[in-house]
Amino acid sequence: MKSFLKMALLSTALLVPSVAQAQEVVTWWDFLGGGDGVRMKALIEKFNAENAGKIEIQATTLEWGTPFYTKVQTSAAIGEGPDVMTYHLSRLPLGVSSGALSEITPDEIAAAGLSGSDYAESNWKAAQVDGKQYAIPFDIHSIILYYNKDMLKAAGLLGDDGLPKGLDGVDNFKAALQKLKDGGAEYGVSIHSAAGDSQWRIFYSLLGQQDGQFLDADGNFLSGDNLDKAVKATTVVADWVKDGLAPAATEYPASIALFTGGKAAMHINGVWEVPTMTDLKAKGELFDWGAIALPTFFDHPATWADSHAFAIPNRVGNEVSAEKRAAVMQVIAWMNKNSLAWADAGHIPAYAPVRNSEEFKTKQPNATYSILADTAVFDPSSVLAGVASPVYDAAGNYLMPAVNGEIDPQSAMEQMRDDLQGQVE
Amino acid sequence: MSAADTANDVPLPARKKRFNRNEVLAALIFVLPFVVVYAVLFIYPTLQMIWLSFHKAPLIGPGEFIGLDNYFKLFKDRLFGVAFWNTVYFVVLTVVPATLTALLIAIGVNRLKGWMQSLILACFFIPYILPVSVVFRVWGWMFDSQFGILQPLIALVAGDNVPVFRTLPLFMPTVAFITVWWTIGFNILLFIAGLRNISPEIYEAAALDGTSKWRQFTRITWPLIWPVTVLVLTIQLIAQFKIFDQVYLFGNGGRSDATMGLVQLIYRSAFQKNNGGYGATVAVVLFLIIVVFSVLQFQMLRARGEK
């Protein structure tokens, strides 16, 4: 009995280091459940094939938004969770303040062959809190205007270059929507109007186009004339809904189906739905479509943007080991260097060598809207802002009903301001 | 007197003792697993939660002791008021309707015979085995404001499609209706068990005396089924006070401040905003509300039943 036990112990002892030497298993969590998730799985498979015997990624996809971040935060606090995870840069201040993220040191970044100069400065800085790096950016993503070429052509809204024309300016855009509706479309543009998150992205773009500040440097929400700008931004979309040019209180899948089913001539949604359109088109189930950056409604181009990044959780009492961290950094570097494939998911690679490559510059439709990387406005840097934050909740509570005509835009923005200001500690 | 002395004594006095040492030991061994599990998984966390409610603390990790400040904050919190009344509203909309409907269906099903009874019972019970995510998807799709299968019917009445989950006055009643549809199967089962326990001889005797069906119900069925009714009402009351999943899922992205219940306020405070101390405070208050309501209800209803 005793010798059997000894044998068992010995064999276990022999087995464990041999496995560890042969292969480092990196546990990976992401929230990429849509068309982009399919592309990410392909990237992970490619990584595992290229690094067979050295590093293996074991990936799990969780529900986007609040469920993901709640799970990350609670699991990190008790020493559980993944070795690496995707993270929204807009959410970084909140993540760092709750202690869920582990700092990535300059040495680690250098050892992985990465450098801050490989990224747009604002993007790289957005991954820092108090000068410390907590994440490595992976992409820049935003919202774009999808359009049905046949319907726009019939309405005389398509230029000779195949791109839409005459959409800039609040009144022009609304007139175009009316034209499309008169031409037989049920809606000029379909929007996901039943939730705060999608409305926030449109709202924040329109606010940025007026140089409006949602949160000023003194920590005040919608201060001074920013409130008027916010009301203006809200009114633009509320007017579309009021006149039946955009659908009211429509859920996310339905808003896409309205466009892909030919009931709406245009669709405002994230770049992450590009794969959905590409795949449908490849199957012969979609009309000729295109996508451009959001038109300029006010003073200058600007579009809400966020960034998917990689972060290492701060697993309390069970920190990611040094060897594992080295493997994780290799994974992150590999993903960035191979992020051209990620552009298939509609995103714009954060890694400049890829973004500036000839292959990316000829990739459609990304190349058409890649201008938005230069005009991007990122969410305010605050623990109250970002994905699944109080700002997103407030967008659901005030902005969404204002768009659907339940609350008047003026009073909605005042309530939103007061609510968020009240949550500042 | 020590244990050894007792053993050396004549056996008679030992036998007269109320508790036999062996029996006590056996009893202890049998209840110990439960007591340990109960203490570790219920008593200890509950005490921790109450302790946490006196702190300004994150969800996990130490915090600063602030006495009753969280409780003062709670009674000034507009959201607590909204969440409390929403919860009460939901309880009113579900508890009694779910119980009465279940009783009616159970009486109906009980009159059926053989395979027909099994089939009908299964139909009513099947929704109960669905996870909440499936219930959410099924009803979310049926009520979808653009493509929902129920919208043509709604348009007949309302004149146009209605986004029911984004129309505040319709939100709670709709979610309450879905909840009753979803959970009623279990109540029906309890009532059927109760109805089958009533001896047919009582009904035969009543029939011989020429009692009307209505009198049979009010004088025989209702009093005899009353204990089951009390049980169902109490289970329902506790379950519905803890409402979270359905309201959270259907309200997600929308006007969550206007539709949230108390558990959602706990979730939001503790998990979303990482304010564990305040979340615990709401939890303690909800705990007290449920204890008071369920004890009150159970006592009141039982008293009436024993009359």
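1. B:Ser256 counts as partly exposed, because 19 C-beta neighbours lie inside 10 Å, and a residue is called buried only from 20 or more. The model is a predicted one, and this residue lies in helix α13 of chain B.

2. The contact between the chains takes 27 residues from chain A and 19 residues from chain B. On the chain B side, α13 (256-259) and α14 (262-272) each supply at least two residues.

3. Chain A is divided into domain 1 (14-138 + 307-361) and domain 2 (142-304 + 389-422). The C-alpha centres of these two domains of chain A lie 31 Å apart. Eleven residues of domain 1 of chain A are in contact with eight residues of domain 2 of chain A. Helix α2 (residues 35-50) of chain A gives the most to the domain 1 side, with four residues. The residues on that side of domain 1 of chain A divide into four charged, four polar and three nonpolar.

4. Chain B is likewise assigned two domains, domain 1 (3-52) and domain 2 (76-306). Between the C-alpha centres of domain 1 and domain 2 of chain B the distance is 40 Å.

5. After α8(A) comes A:Gly184, with a positive phi near 115°.

6. Which residues of α8(A) are buried? They are A:Phe173, A:Ala176, A:Leu177, A:Leu180 and A:Lys181. These residues are on the same side of α8(A), because they cover an arc of only 140° around the axis. An α-helix has 3.6 residues a turn, so residues three or four places apart point the same way. The face of α8(A) turned away from the buried side carries the exposed residues A:Asp171 and A:Asp182. The cover over the buried residues of α8(A) includes the helices α7 (149-154) and α10 (226-242) and the strands β8 (187-190) and β9 (264-270), all of chain A.

7. A:Ile202 is found in helix α9 (residues 196-208) of chain A. It counts as buried because it has 25 C-beta neighbours inside 10 Å. Apart from neighbours within four places in sequence, A:Ile202 is in contact with A:Ile143, A:Ile191, A:Val237 and A:Ile268. The C-alpha atoms of A:Ile202 and A:Ala135 are separated by 26 Å, the two residues being 67 residues apart along the chain.

8. Some backbone angles deserve a check. Most residues other than glycine have a negative phi, and most peptide bonds are trans. A:Ala249 has a positive phi of about 40° although it is not a glycine. The place of A:Ala249 is in the loop between α10 and α11 (252-260) of chain A. Is A:Ala249 buried or exposed? A:Ala249 is buried, since 26 other C-beta atoms lie within 10 Å.

9. A:Ala388 also has a positive phi, near 60°, and is a residue other than glycine. A:Ala388 is found in the loop between β14 (376-378) and α18 (390-403) of chain A. With 21 C-beta neighbours inside 10 Å, A:Ala388 counts as buried.

10. The peptide bond from A:Gln364 to A:Pro365 is cis, with omega near 0°. A:Pro365 sits in the loop between α16 (358-361) and α17 (366-369) of chain A.

11. Confidence in chain A has a mean pLDDT of 90, and 95% of the residues of chain A reach 70 or more. Where in chain A is confidence lowest? It is lowest in helix α1 (residues 2-22) of chain A, at a mean of 52, whereas α10(A) has the highest value, 97. Over residues 14-20 of chain A pLDDT stays under 50, and the model has zero contacts beyond four places in sequence for these residues.

Key:
Residues are numbered from 1 along each chain as its sequence is written. Chains are lettered from A and ligands numbered from 1 in the order in which they are written. This is a predicted model: local features need pLDDT of at least 70, side-chain atom pairs count only at pLDDT 80 or more; totals for chains, interfaces and linings use all residues. Domain bounds come from an automatic or database domain assignment. Two residues are in contact if their C-beta atoms, placed from the backbone, lie within 7 Å. Ala, Val, Leu, Ile, Met, Phe, Trp, Tyr, Cys and Pro count as nonpolar, Asp, Glu, Lys and Arg as charged, and the others, Gly among them, as polar. A residue is buried if 20 or more other C-beta atoms lie within 10 Å of its own, exposed if 12 or fewer, and partly exposed in between; C-beta atoms are placed from the backbone. The arc is that of the directions from the helix axis to the C-beta atoms. pLDDT is the predictor's confidence in each residue, from 0 to 100.
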